[in-house]
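Trainee: I have a structure open and would like to learn how to read it. Could you walk me through it, feature by feature?

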Amino acid sequence: MFRIKNFEDNNDVKIVEELGAFKVVEYLKDLSVDHLTAQAAYYASEMNVRRRQLVCDVSRSNITERAS
């Protein structure tokens with residue numbers, strides 16, 4: 001089993017919503033900006049547009065994935 005540290009308890013992310021084993025994590029600051037995407041990232045931050053990610057903690061529930 002893998003354990004990831006410094007992900008949810010980081011000052012750059014915020015947990016927006018949580019339901020069971022699922023969490024929606026919102027990145028307050030985008031740290032993956034390079035010189036090609038800097039302008040779009042700047043205007044996105046000015047418009048309060050942030051990246052979000054769905055995180056599933058499989059140790060909290062019996063989760064299975066089904067391919068469709």
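This is a predicted model: local features need pLDDT of at least 70, side-chain atom pairs count only at pLDDT 80 or more; totals for chains, interfaces and linings use all residues.

Trainee: How many helices and strands does the protein have?

Mentor: The protein has one helix and three strands. Next, look at overall spread. The radius of gyration is 15 Å, well over the 11 Å that the globule rule gives for 68 residues, so the protein is more spread out than a compact globule. The C-alpha trace spans about 40 × 30 × 20 Å along its principal axes.

Trainee: What share of the residues count as buried?

Mentor: Of the 68 residues, 10% count as buried. The protein exposes about 6400 Å², and carbon and sulfur atoms supply 51% of that area.

Trainee: And how should I read the contacts along the chain?

Mentor: Sort them by sequence separation. Among contacts with a separation of 6 or more, 52% are between residues 24 or more positions apart.

Trainee: Let's turn to charges. What is the general idea behind a salt bridge?

Mentor: Side chains of opposite charge can pair when their charged atoms come close. In this model, a search of the whole structure finds six salt bridges.

Trainee: Which residue pairs with K23, and at what distance?

Mentor: K23 meets E8 in a salt bridge, with 2.8 Å from N to O. K23 lies in strand β2 and E8 in the segment before β1 (13-19), so the pair ties together parts that are 15 residues apart in sequence.

Trainee: Are K23 and E8 buried or partly exposed?

Mentor: They fall into separate classes. K23 counts as buried because its relative accessibility is 11%, under the 20% cut-off. E8, at 35%, counts as partly exposed.

Trainee: Which residue forms a salt bridge with K14?

Mentor: That is E26, and the closest N and O atoms of K14 and E26 are 3.8 Å apart. K14 belongs to strand β1 and E26 to strand β2, so this pair ties together parts that are twelve residues apart in sequence. K14 is partly exposed, with a relative accessible area of 40%, whereas E26 counts as buried at 7% relative accessibility.

Trainee: Where does R50 come in?

Mentor: The side chains of R50 and E26 also meet in a salt bridge, at 3.6 Å from N to O. This pair links distant parts of the chain: R50 is in the loop between α1 (38-46) and β3 (52-56), E26 is in strand β2, and they are 24 residues apart. R50 counts as partly exposed, with 36% relative accessibility.

Trainee: What else is in contact with E26, leaving aside its neighbours within four places in sequence?

Mentor: The list is D12, V13, K14, V16, R50, R51 and R52.

Trainee: Could we try a residue in the other strand, E18?

Mentor: E18 is in strand β1 and counts as partly exposed at 43% relative accessibility. Leaving aside neighbours within four places in sequence, E18 is in contact with K23 and R60. With R60, the side chain of E18 makes a polar contact of 2.9 Å.

Trainee: Last topic: which residues make the nonpolar surface patch?

Mentor: F22, L54, V58 and I63 make a nonpolar patch of about 370 Å². One of them, F22, is found in strand β2 (residues 22-27) and is partly exposed, with a relative accessible area of 36%.

Conventions. Residues are numbered from 1 along each chain as its sequence is written. Side-chain values use heavy atoms; hydrogens and water are left out. Patches are made of residues with over 30% relative accessible area and no salt bridge: like charges are joined within 9 Å, nonpolar side chains (Val, Leu, Ile, Met, Phe, Trp, Tyr) within 5 Å. Accessible areas come from the Shrake-Rupley method with a 1.4 Å probe; for residues, only the protein chains shown count as cover. A salt bridge is a side-chain nitrogen of Lys or Arg within 4 Å of a carboxyl oxygen of Asp or Glu. Helices (H or I, at least four residues) and strands (E, at least two) are DSSP runs, numbered from the N terminus. Buried means under 20% relative accessible area, exposed over 50%, partly exposed in between (1.4 Å probe, protein chains only). The radius of gyration is taken over C-alpha atoms; the globule rule is 2.2 Å times the number of residues to the power 0.38. Contact means heavy atoms within 4.5 Å. A polar contact is a pair of N or O atoms within 3.5 Å; within protein, one must be able to donate a hydrogen and the other to accept it, and residues adjacent in sequence count only if both atoms are side-chain atoms.
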